[in-house]
Amino acid sequence: MAKAENIIIIGGVAAGAAAATRLRRINEKATITIFEKSNYVSFANCGMPYYIGGEITNRQRILLNTADFFKDRFNIDVMVNHEVTAINRKDKTLAVTDLTSRSRKGREKTVKYDKLLIATGASHIVPEIDGIDSSNVFALRHILHMDKIKTFIETWRPEETVIVGAGYIGIELAEQLKRIGSEVTIVEKSDQILPPLDKEMASIVEEYLIDNEVTVIKDDALSELELEGEETFVARKVKLASGKELDSDMILLSLGVRPNVELAKDAKITIGETGAIKVNDKMQTSDPSIFAAGDVAESVHKVTGKNVWIPLAGPASFQGRVAGSVMGGKDAHYAGVTGTAIVRFNDIIAANSGVNEKQAKAAKLSFFVSYSHSQSHATYYPGAAIEHIKLIVEKKTGRLLGAQVVGYDGVDKTIDIFAATINSGGTVDDLVDLDLAYAPPYSSARSPVQMAGMIAQNRLRNIDAAISADDVIKKDYSVIDVRTQTEHDEDKIFEGSLSIPIDTLRDNIPISMKTKKVALLCRAGLRSYLAYRILKQAGFKDVKNINGGYLISRHILNDS
Ligand code: FAD
């Protein structure tokens, strides 16, 4: 009989814990040990902002599981406060430090493995500036950080918080800090918040943040901290690269993360171009007896086919599951990622899946974009809210390459339908053909997903043609505004645009413009689509529908 294998897992959170438990379900005989350098195993990083803000009141709920639970339920040994400091591939051993032991002998151990999983995750980026270790400067990655932030808030009740970095976690923290009554300023180095979204979609969220009294500073970066105190410093002012100064009771760093690849690098395991560990679809590294999963590993992007590093909880958990299956002797493959993610600030929700426009260009994909603005459910039923949708669609095939949704209630459902389509390589035709659940409180007979699909389908089949707001100006198109006269008078956005409300257009076709370059504007793109069809059939040669209508164009023009 083959001897039971000794399988070691480094890191006990999403990827490590998923791998260990899957492995045990497959293989009762293996000896499974998790080394976790912190005091906690299998906790819910994603829940930490909500505990800080008080939406989750019971700290225990964030901790999920204990070492005892893993032993009792799964016969898995979890060694918390144990850091793996080296991998010796030649004799298949690990150097492990027991961080709680005071004796040098008891502290350092050598442990043998037959198979090894590196699930060491990622660490938050800390800028190298004086005072970054001040007592009121924090990042959030671990339970320890969460506890420190919570205690600081309860003790000092910060009135002014500066959040550096406007990614998903920065926005979540902004929401929670507003919730506890702090003023919030977000500083973002790039020219937009929420980098997974394209700029005009992120602008919708930014506008909402500003309306909800969050100060947003873009194109600027933390450069210096003004400190107070002698032994323990407090950073009282944040100085930005522009010279701007911000008062601060508390500073939260959310500048992104880096994969913890040092152990792998030292052991000469191949690191990919993204900086994370290169793995095959079985989550095996360049050493077949060593696996890697979660935030420390690369994956293949399902849309571009390229290796990417997208550190998110879902992929970490499923990569861990695949690694656990394969280490346990089963055939399993990780299918890749689409980067699907979602974030909320109060009522507004932003979500994305697949590639955005910047990524589609970088991957040299041939694509077009289309927008729609649907209501989350039947408009006659109370509580319907707008969903702004942007689709990135492959020109030749109609394959859905990416989707971004900004709206309110219902965005989570919408993005997941797009994500399912992107994951399966589906097209805009597939979106239209979906048979989805409908009753007035939940959706419409034509759901926001299908409306977005139909608009893109019309573009694909040349039943409609679109032009972006900036191209209208660059290419010198004459604009006909088919909104009502009142809407036109309130905000023309295109200087010199001609107002012909849609309901009067058939009787007022501007024949003199038949041979000119004409762009049509309405609020959301539907009335201008109808106008497009009228003018096209009246013989207009070069007529286009302004992509995304007024609702998107005003963001594009504001930003350009
Ligand atoms: P990690 O969670 O980083 O765990 C790795 C573990 O390895 C750590 O506990 C570490 O202590 C341990 N370790 C490292 N080196 C060693 C060593 N040498 N020896 C022993 N142990 C070691 N993702 C989402 O998809 N949705 C969200 O809403 C979301 N929200 C988030 C909110 C916050 C505040 C944070 C911080 C992250 C959030 N994420 C979210 C990301 C998600 O939490 C991570 O993608 C996920 O935790 C990755 O799991 P992992 O197991 O790969 O790594």
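View 1. The structure holds 28 salt bridges, each one a side-chain nitrogen of Lys or Arg within 4 Å of a carboxyl oxygen of Asp or Glu. One of them pairs Asp287 with Arg89, with 3.2 Å between the closest N and O atoms. Asp287 sits in the loop between helix H9 (262-266) and strand S18 (290-292), while Arg89 sits in the loop between S4 and S5, so this pair ties together parts that are 198 residues apart in sequence. A word on what you're looking at: this is a predicted model, where local features need pLDDT of at least 70, side-chain atom pairs count only at pLDDT 80 or more, and totals for chains, interfaces and linings use all residues. Residues are numbered from 1 along each chain as its sequence is written, and side-chain values use heavy atoms, with hydrogens and water left out.

View 2. Helices (H or I, at least four residues) and strands (E, at least two) are DSSP runs, numbered from the N terminus. Look for Asn88, which stands opposite Thr93 in S5. Four residues lie between the two strands of the hairpin, and Lys92 in the turn has a positive phi of about 50°.

View 3. Ala15, Glu36, Arg141, Asp295 and Ala313 come nearest among the 30 residues around the ligand, where "near" means a heavy atom within 4 Å. A backbone N or O atom of Ala15 is 2.9 Å from a ligand oxygen. For Asp295, a polar backbone atom lies 2.8 Å from an oxygen atom of the ligand. Ala313 also brings a backbone N or O atom to 2.9 Å from a ligand oxygen. On its own the ligand has 990 Å² of accessible area (Shrake-Rupley method, 1.4 Å probe), and the protein covers 90% of that.

**View 4. What makes up the shell around the ligand.** Elements giving two or more residues to this shell include helix H1 (14-26), strand S2 (31-36) and strand S4 (82-88). S4 provides the largest share, three residues. By class, there are 17 nonpolar, seven polar and six charged residues in the shell. Domain 1 (6-123 + 259-327) and domain 2 (137-255) each supply at least three residues.

Notes: A polar contact is a pair of N or O atoms within 3.5 Å; within protein, one must be able to donate a hydrogen and the other to accept it, and residues adjacent in sequence count only if both atoms are side-chain atoms. Ala, Val, Leu, Ile, Met, Phe, Trp, Tyr, Cys and Pro count as nonpolar, Asp, Glu, Lys and Arg as charged, and the others, Gly among them, as polar. Domain bounds come from an automatic or database domain assignment. Two strands pair if DSSP finds at least two bridges between them.
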